[in-house]
Amino acid sequence: MEPVAPPIRPVPHWPALLTTTPGGLGLIADGDLPPGQPVARYEGPVVGPFDRVPEVEVRYAILIAPDTWLVPLSSARYVNHACDPNCTVDDLLTVVTARPVPAGAELTIAYNHATFDEPLPPWDPRWSFDCACGSPGCQGRVDDWRRDPT
Ligand SMILES: [Zn+2]
């Protein structure tokens, strides 16, 4: 595991910093954050159906309504996955802390957590990856939807 580099660029208006993490670029808490703190927001073009999502964006696009996808170009693009994440995504596509997060901790969500009750599309194998989040409940291979966070 490579050492975590210091933050390289501030994300304006949100208490989060874009930095390099062991898993690539990621966001870390810019201070001790309480639960319910907005830290990033998904913003970008909305595309659908799924086959219209550009190939290079398939792994970043998020489902916002049945077969309607948002390609995030804001800082939320860099929120990484964890199986026991410290953030969730609310109805306004905002990444919000789910528990107290200490300064410098990486901000994470569960990529495969279904956040609404609509029917889900088949899992695309291009979304699959091996998780190394290190939590006791780590899924290992992330390759399907989960209705509830672990
Ligand atoms: Zn994991």
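Guide: Helices (H or I, at least four residues) and strands (E, at least two) are DSSP runs, numbered from the N terminus. Read along the sequence, this protein follows the pattern β-β-β-β-β-β-β-β-β-β-β-β-β, with 0 helices and 13 strands. The model is predicted: local features need pLDDT of at least 70, side-chain atom pairs count only at pLDDT 80 or more, and totals for chains, interfaces and linings use all residues. Residues are numbered from 1 along each chain as its sequence is written.

Visitor: In what order do the 3 strands of the open sheet lie?

Guide: Two strands pair if DSSP finds at least two bridges between them. Here the order is 5-7-6, with antiparallel pairing. Strand 5 (46–47) and strand 6 (62–65) are the edge strands, each pairing on one side only. Strand 6 is joined to strand 7 (residues 68–70) by 3 bridges; in one of these strands, strand 7, Thr-68 is the bridge partner of Ala-65.

Visitor: Where does Asp-67 lie?

Guide: Asp-67 is in the loop between strand 6 and strand 7. Its phi is near 50 degrees, a positive value in a residue other than glycine.

Visitor: Is Asp-67 buried, exposed or partly exposed?

Guide: A residue is buried if 20 or more other C-beta atoms lie within 10 Å of its own, exposed if 12 or fewer, and partly exposed in between, with C-beta atoms placed from the backbone. Asp-67 is partly exposed, because 14 other C-beta atoms lie within 10 Å. Of the 150 residues of the protein, 24% count as buried.

Visitor: Which peptide bond is cis?

Guide: The bond from Gly-48 to Pro-49 is cis, with omega near -5 degrees. Pro-49 lies in the loop between strand 5 and strand 6.
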